[in-house]
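Have the sequence and the 3D view ready.

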Amino acid sequence: MLITSENNDLIKKIKKLKDKKGRYEEGLFFVEGTTSVLEALKSDFEIEYIVMGEGVKIDIPKGDFEIAHTTERIFKKISDTVTPQMVMAIIKIPKYEENTYIKEKGIYVIADNIQDPGNLGTIIRTADAFGVSAIFTINNCVDIFNPKVLRASMGSIFHIPVIATTSQILLKLKRRGIKVFATHLKAQKLVHECNISDKVAFVLGNEAKGVSVVDLVDDFVKIPMTGEAESLNVSIAASIFLYESQRQRLIKNN
């Protein structure tokens, strides 16, 4: 069947998923592009539909979902990109039980009121690359299932649990022996001088205001910089933290 009308029920439902309110009313989100769709198909996420533009040829494995085809014009109406790859997956929002992911070991990232979807998506991708156990978003972070977040994550959203919660998550982690770190320009310790190989959580603060949960941070560190830039983009700072943590683990294991 080829969908040619914007009044089609599926098309109207997908349009709702562009907004946070619509996503949570429907309990669904969507990802676009071949890479993200194929990663979704390999994951444990529950897919409801695969939607493809007319004439698109992608090898979609069999699964418990429906496949719908649309004209190029209709696909562009539901896409969140200017030049869509003409394939998307409509997926159920997962229901994570956060206590399942609070362990006595592991690396955790706390995204504290991060507003830029590109930054959050890049952090998810970086955390996936460096073996982070879970990501928790707190204090009105941009929605995890915002299409721009998902696009920037490049499919990593399907590899690592990302859970919206409250700042109480920090207390839960601390009770399990996880040490909480955050950056501060006036900190005395440099990031590579601290043991951050395991049992640590990194709090990444708002792009303009920084970390809001300072009372729950165990230790502040800074990234050594010799240039004149006042600070780093939050996703770049996350990359440096997580690389240093990985470097320390590799040294320990050799």
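## Gaps and cores

The largest cavity holds about 70 Å³ of space. A cavity here is a set of points on a 1 Å grid over the protein atoms alone where a 1.4 Å probe fits but cannot get out, and lining residues have an atom within 4 Å of a point. The volume is the space filled by probe spheres set on the points, which are joined across faces, edges and corners. With a cut-off of 30 Å³ or more, the count is 1 cavity.

This is a predicted model, where local features need pLDDT of at least 70, side-chain atom pairs need 80 or more, and totals for chains, interfaces and linings use all residues. Residues are numbered from 1 along each chain, and side-chain values use heavy atoms, without hydrogens and water.

So who lines the largest cavity? Phe-30, Val-31, Glu-32, Ser-36, Pro-147, Leu-150 and Arg-151 do. Domain 1 (1-90) and domain 2 (96-251) each give at least three residues to this lining; the bounds come from an automatic or database domain assignment.

Now for the nonpolar cores: buried Ala, Val, Leu, Ile, Met, Phe, Trp, Tyr and Cys residues joined through side-chain atoms within 4.5 Å, with buried meaning under 20% relative accessible area (1.4 Å probe, protein chains only).

| Core | Size | Some members |
|---|---|---|
| Largest | 49 residues | Phe-29, Ile-50, Ile-91 |
| Another, apart from it | 19 residues | Ile-102, Ile-138, Ile-169, Ala-182 |

Phe-29, Ile-50 and Ile-91 have the most contacts inside the largest core. Both domain 1 (1-90) and domain 2 (96-251) contribute residues to this core, so it lies between them.

Definitions and conventions. Buried means under 20% relative accessible area, exposed over 50%, partly exposed in between (1.4 Å probe, protein chains only). On a 1 Å grid over the protein atoms alone, a cavity is a set of points where a 1.4 Å probe fits but cannot get out, and a pocket is an open set with protein on both sides within 12 Å along at least five of seven lines; lining residues have an atom within 4 Å of a point.
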